[in-house]
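Subject: Structure handover

Dear colleague,

Here is the structure you asked about, with the sequence alongside. My notes on it follow below.

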Amino acid sequence: MCCDTFVASRNFRLSEEDHWIYQAVLDQYPGDLCNRRTLYLNMLQRYFPHRSRHDLVEHEKYCDQYHFAREQRRILISNWNKNRRDFIQKAALTLTEAYAAHAMEDMLAKDRRKQQELCAHLKAKVLQWRAHQEEVARLEMEISARRREKEKEKEKLWKEKELLQRAEKKKKIRKYWAKKEQKWQEMEIRDLQRLEELKKLMAEQSVKDRERVKYRQELLEKRLMEKKEVALRDAHEEEERERRLEALRKQVAIVAQFDPVRMMSDTTASKARMGIGIEEEFILQKPLFTLNTYNEYQIISDPRLRFELALREAGLHKTFYAKEILPKISPQKPPRKDMESTVFKI
């Protein structure tokens, strides 16, 4: 009212009381009344005999311009708030998706790095085992070759012994044989000790490798079981959620009968306004229309009320889901245009 007084005082020089009378006269005439503008202008000229019709029309034009500008400002502010809210929601969703993607990439990179380290460790173990195997094979070949050489030397010495009859040569052969025998024994003892050490080391490593493989297998089976349990739990939660939503849908299902003829036909008020079906004679103190109200069945059949009662019984009427879904539920039929409130549109 203060803004209307300001516009009136600035553009038409009306006092606050005169502008209030002007607005009260306009409110007496409905918007869909025939010749509404002519009627309220004539009434305004009666209330303001000192004002000309041109002045009243100018004041009407200024008021219309003010209301139009105010409505445009309200629409712009509403659209700006909506666009800002949508942008913030979209930005938050984008940041959440980017964070989830980054976390997934980081987890995959860590797993890949662990796999590479494990492969490198296993490769080093395999190379070490192969080197041990090659060394064992080489030592066995050397021992076998020395034994064959020993047999050949022994056979050769025996042949020479048969040929050499003299004592001096026999003494030299015995001395030479003793040195060879001692050297072969030392080399064979050394190689046998090394072979035993390598076999013991390889046996211990084989036991460790089998234990590690068994541990990795158990760890893999444990991870698979955890994933299966998580999947089963998620499926169970999804089924429970669907069951609850289905129960809510059944509770708020539409039970009113569809009557298109009654919905599209004229109301009693509209017929009376057009002069259809009214009595010719006016009876004093007789009500103009019969009072029609709603019964209990019609009130309960409203899906908005039924959905709110179902949420309240389930203890969900104060949740974010209830606040978001309740304004989106529409009534069974749209309200009449003449019953629409304009209080909050000024």
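Of the protein's 346 residues, 14% count as buried, where buried means under 20% relative accessible area, exposed over 50% and partly exposed in between (1.4 Å probe, protein chains only). This is a predicted model, in which local features need pLDDT of at least 70 and side-chain atom pairs count only at pLDDT 80 or more, while totals for chains, interfaces and linings use all residues. Residues are numbered from 1 along each chain as its sequence is written, and side-chain values use heavy atoms, with hydrogens and water left out.

The protein exposes about 29800 Å², and carbon and sulfur atoms supply 57% of that area (Shrake-Rupley method, 1.4 Å probe; for residues, only the protein chains shown count as cover). It has 10 helices and zero strands; these are DSSP runs numbered from the N terminus, helices being H or I of at least four residues and strands E of at least two. Among contacts (heavy atoms within 4.5 Å) with a separation of 6 or more, 58% are between residues 24 or more positions apart.

Helix 4 (53–163) has 111 residues and reaches 162 Å from its first C-alpha to its last, close to the 165 Å expected at 1.5 Å a residue; the expected span is 1.5 Å times one less than the number of residues. Helix 5 covers residues 167–251, and its 85 residues should span 126 Å; the end C-alpha atoms are 124 Å apart, which agrees.

The buried residues of helix 4 include L56, H59, E60, C63 and Y66, as well as H132, V136 and R146. R146 has a relative accessible area of 16% and, leaving aside neighbours within four places in sequence, is in contact with M187 and D191. D191 is itself one of the buried residues of helix 5, including also I173, E181, L195 and L248. The buried residues of helix 5 pack against helix 4, helix 9 (303–314) and helix 10 (320–325).

Next, the cores. A nonpolar core is a set of buried Ala, Val, Leu, Ile, Met, Phe, Trp, Tyr and Cys residues joined through side-chain atoms within 4.5 Å. The largest has 10 residues: Y22, V25, L26, Y29, Y40, L41, L44, F48, L56 and C63. Helix 2 (16–27), helix 3 (36–47) and helix 4 each give two or more residues to this core. Apart from it lies another core, of seven residues, among them L248, A310, L311 and A322. F48, a member of the largest core, touches D18, I21, Y22 and L56, not counting residues up to four places away in sequence.

On aromatic rings, a search of the whole structure finds one pair. W177 and W184 form it, edge-to-face, at 6.1 Å centre to centre and 80 degrees between the planes. Rings of Phe, Tyr and Trp (its six-membered ring) pair if their centres lie within 6.5 Å; planes under 30 degrees apart count as stacked, over 60 as edge-to-face and the rest as tilted. W184 is buried, at 9% relative accessible area, whereas W177 is partly exposed at 24%.

Lastly, P331 lies in the segment after helix 10 and is partly exposed, with a relative accessible area of 30%. P331 and D302 are 29 residues apart in sequence and 6.5 Å apart in space, C-alpha to C-alpha. P331 touches D302 and R304, not counting residues up to four places away in sequence.

Regards
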